[in-house]
Amino acid sequence: MSERNKSTLRIDWFDGTLIEDNHQITEDASQFADEDQVQPETSTKPQFTEKKPIGFKRLLDLSFLEPPVLTLEISHRPGFWNLLDIELKGDFIVLIVKILARIYRSLEPGENSRIASQLKSRFEKSNFLITIKNYLASLPSVRIVEKKMNFQLWNDAELFFSDVILLCEGLVHFGGHSLDYIKEVYELLDVADESAVGVKEEHTETFSNELFTRIDQLKLRISKIISEDPSEQIVFDNKIPDNKCDDPNNYKNLHIFPQKDDLLGRNKLNIQPNIINGVYTSVQHYLDLQFKLLREDYFGTLRDGICKYMENPAKRRHENIRVYPKVRIIRTYVSNNKVGHLIDIAWKERNSHSSIDNKKLGYNKQLMFGSLLLFTCDNFENILCATVLDSGMNLLGNGYVAVSFQNPISEKKISESYLMVESEVFFEPYHRVLKVLQNSRNDDLPMKKYIVDVQNASQPPAYLNSETIYITETNSEEISFPVLDLEHWPTSDTLGLDNSQWEAYKFALTREFAVIQGPPGTGKTFIGVKIASTLLKNLSLLGTPMLIICYTNHALDQFLEGILDITKNIIRLGSQSKSKILEPYTLHNMRMQMKSKYSYMYRNKRSELEKIFKEMTDLQSEIEKCEKEILTYKTIKPYLKIGDKTYELMESNEDPMLNWLFDDTKKVEIEAEELEDWEKQFDDVNIDCEQLETCFSEEWALKEIDSMLNSIKYVKDITDDPLEKQQMTDKFEAQINRVKGMLNCFKRNIPTSENAVNLEDNLPNVKDLYSLNLKQRWTMYNNSVVSIKSKLMTKMNTLLEQHNKCNDELNEVATLIDGDVMNAVRVVGVTTTTAARRHDLMKKLLSPIVIVEEAAEVLEAHIVASLTYHCKHLILIGDHKQLRPTAAQYKLARDYNLEISLFERMVRNGIHSRTLTTQRRMRPNYVELLVPELYNRLDSHPTVYSYNNVRGMADNLYFFNHDVYEDSEGLEDSWSHKNNYEAKWCTALANYLLGMKYKSDEITILSTYTGQVSLIKEMSRKYSTIREVKVTPVDNYQGEENRIIILSLVRSNRDGNIGFLSAPNRICVALSRAKEGFYLFGNMKTLQSASNTWRSISDKLQAQNAIGDKLRIECEHKKQIEVTRPEDLDNYQSCTCLNICVKK
């Protein structure tokens, strides 16, 4: 191994033990501080080492701490938990009760953290409650002389009794206990009540009436729990109540990672449609239904893909899945603070010595971080589940990918041949949301009365009362008004709002659950920012920041930029922001600016993790030497064995392994020695004896060949004697041929298996290693390497356990720091996916106000998973008439209402909603295409009537109608669609409009299919002018707009098949992006044959004379020409009326 940095000793901040510390770590600390980096999941099972119970002084010191520092200390101090296993006396009991009471008070109900697991497994399974009861019962009879031995109690007796009650309150609040355990808590309160009365009478201690009131109230609460149906009790480890535990189909018991039964055959679960009209019977009914729908959306596509694959494995392309037919698990993988397993996805090519380069997988968005992978070697009878951990171009280029397995894998799984299947549906968001839903409690679902019970009447937020006054600014003037007295609100004109905006604004501020629908161009984001700004101006929110949740990063950036004028006290969670304005407000940058009281803990634990990680990296380098290089005879000599017999090689001028493995002759070897020193094939290397020494590698061989080729050139340049020149050249060429031969032999024989061969059976009675043929020599060498790697892997596994434990501890401290940072601001912005992934952090924010933008585009389960029970005021903003949530399975979307969002469900039930009705984007004649087919009412603001006409065009709105079929007609393997004819028109028209002096960022080309987008981008390359014009799918452009929109509808076929173009939502988005100029290309005959909506649109276009098969352009003198071919537009690009007028 490499030389270690000089070490010192320090006291570990967790348990007070001395550990080695290294102050010369040079790794970049930032890699340990990325809030978006998803760490490999490790077991939350607490690990305890054999240590003595801590002493009284240490326990006393701990009792002065408060959560979360106290929680962190206790969770990593085995000596504290060991106290529960011994007999305890007075002051110890008092301090332990005090500590436990504070910890339970800080926990969330049903929290799934390290400390919660320890409390469940160590405290609640101990006899400490009995110890407390016995201690309490003995207090009235304590003699005065004995009080000196129990100072912690008698110094403040009421405080101890209060801590006992606090502990019981914490136990009940945390929940998840059996009925028997709840009864024990009740008995403890009984004993505490009697003991307090006895102490008061016998020792004249004073107790407040509040103490006894708290006891009575808690006993009453516990009595209700005991008398209620036990099915309401939720146990800690996420299994359902005892009387329902046997139901394997309850959502609490279902696997989030797929298993054999989930993938083979038909779905066995009873999946119920989302209830979009009416109420759910209970929270459990609601969570169960949402969980199963979302799970089936993912599992169903995977199941269909695998079943179809098994019917025809030889098919070139498979639906819903990507298949890698021959891969193997190599070993533990360490890189960039990621620890997992390395997978050889090019094993087939490696065995056949073919070229390897899988970078194209990265370009095609395959094997993305977080993607689900399934491994099987027995036709899916047994399955290993993993997620992609690292798929950088360097790894893919060499035919590898790093993964994190769901469960630990045994050594015998290494190097077996596996079929690997990747799901085309991205697993990460499903995984995170399902996990949150499964861990949810029935008694803490936020906004239950609206989400589950669909209550008709919405109440004011709990933080408002009749005397609450709000202040708002209008025209630099402050206006104050009683927020709940709607009669005294300022008028819409005073606030600068239209009537519908005013109604929505008022509704959102005065109702705890509000839904605001905003059709295209009506200012959804504007009204959302105004609502947020008003709340920020009138509420402190420090310590309980407002939470802004958006579906896309673009919408989140836009919203947060809008409220920067009100407060700079914001944090943008996540690292996918494209906004330069928000760059200083990312969590990473804010964390760097702020000094947290936990920073010293973070530094210490990070330093420890970096030290472990460096050891793992160094060890991995040694393992890679075994795989990519030949070890020296000195290194491998102890392992050259057959059975118990050790063999030796003859010494030579070069490493004996080279002669033995490559079967070289002495003659070549001696000739090689005659070369000058600077041409010797091996330099003396002075390395640490702990490192594995090597004597050959492909890299060295290629460098050596290159060096000798340069030497031949050098000899020819400086040597005049032809004979000497030829002799030297021949020697170099002989050596080049020798090295090439060695390299070819090395490639053929380098091990492709990690399994050792039984040499005693395969090579019996071997007396001399030189008697073995070349194949047998390599077999013996590879066996020796396997033995060396096995020892290295044992060391790696030990380090891996240390890494996982230390990484968990570091993450706990990082969460504390992040919570500290975010509780110091007033606004936190996050996407729905990140909110679900960091749900524990969301709970620590205690956010009472949550605003969800783009709420109609998000699956209901994703919205619910983003909320915590601290939410007391929820505002949903969106438009279900535009893009709906995207489901992976069309059948679930259509028949099971999965595409109906929480937003749309509330609107459908006719409650809690307001609609914006005045648009400020489109020309009025564009709006006519949407009303009344898509919207009952959509007014136009006066500003849109004053747009200038589009330069160079006779029409501001035109549908170019054609009958040229799409390119994918008759192609079975095409899952997207392209239309070459429309692509030519789109690029030609964009080029023409740029010639009319429009800027590239004022024009956008949209298409309904990604295949068409790629084709248009490819065609755009021939026009230097339009390379900067944005080309994007319609679905990705929701919420955006531009002066001129060019739209390619693509679908044109003899079958009248238009796919999702028949969906009103897609039509709505496609037709509502343009402000001043809108040009569509499509086959209206195909479209209207499959859709009533398109028939209506066609009629309105004809009424406006805005559809035809000739595109009309005009010069500045209003002279027009009709263009029927895209090529003709190039002739009129220069914006001179001469071109048109002369043609006329």
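How do α9 and α11 run relative to each other, roughly parallel or roughly perpendicular? The close-ups below take that up, and they come from a predicted model.

**View 1. Helix α9 packs against helix α11.** Here you're looking at residues 157-174 (α9) and residues 209-227 (α11), whose axes sit 11 Å apart and meet at an angle of about 20°. An angle under 35 degrees counts as roughly parallel, so α9 and α11 are roughly parallel to each other. The crossing of α9 past α11 is left-handed.

**View 2. The side-by-side contact of α9 and α11, residue by residue.** From α9, look for Glu 158, Phe 161, Ser 162, Ile 165, Leu 166, Cys 168, Glu 169, Val 172 and His 173. Their counterparts on α11 are Leu 211, Arg 214, Ile 215, Leu 218, Arg 221, Ile 222 and Ile 225.

**View 3. Strand β6 pairs with β5 and with β7.** Find residues 384-390 for β6, then pick out β5 at residues 372-376 and β7 at residues 400-405. The pairing of β5 with β6 is antiparallel and covers four bridges; Leu 373 has Ala 386 of β6 as its bridge partner. β6 and β7 also pair in the antiparallel sense, over four bridges, and here Val 388 stands opposite Val 403 of β7. How many of the residues of β6 are buried? Seven of the seven are, so β6 is largely enclosed by the rest of the structure.

**View 4. An open sheet of six strands.** Read across the sheet and the order goes β26-β25-β27-β28-β24-β29, with parallel pairing. Which strands stand at the edges? They're β26 (1030-1033) and β29 (1107-1108); each has a single partner strand, so one side of each is left without a neighbour in the sheet. Zoom in on β25 (residues 1003-1007) and β27 (residues 1042-1048), and you'll find five bridges in the parallel sense.

**View 5. Helices α38 and α39 against the six-stranded sheet.** Helix α38 (residues 980-995) packs on the sheet and touches β24 (957-961), β25, β27 and β28 (1074-1082). Its direction makes about 160° with that of β27. Helix α39, residues 1010-1020, lies across β25, β26 and β27. Compared with β26, α39 runs at about 165°.

Note on methods. Residues are numbered from 1 along each chain as its sequence is written. This is a predicted model: local features need pLDDT of at least 70, side-chain atom pairs count only at pLDDT 80 or more; totals for chains, interfaces and linings use all residues. Side-chain values use heavy atoms; hydrogens and water are left out. Axes are lines fitted to C-alpha atoms, for helices over the stretch in contact, and angles run from 0 to 180 degrees between N-to-C directions. Helices (H or I, at least four residues) and strands (E, at least two) are DSSP runs, numbered from the N terminus. Angles under 35 degrees count as roughly parallel, over 145 as roughly antiparallel, 65 to 115 as roughly perpendicular and the rest as oblique. A crossing is left-handed if the near helix is turned anticlockwise from the far one by less than a right angle, and right-handed if clockwise. Contact means heavy atoms within 4.5 Å. Buried means under 20% relative accessible area, exposed over 50%, partly exposed in between (1.4 Å probe, protein chains only). Two strands pair if DSSP finds at least two bridges between them.
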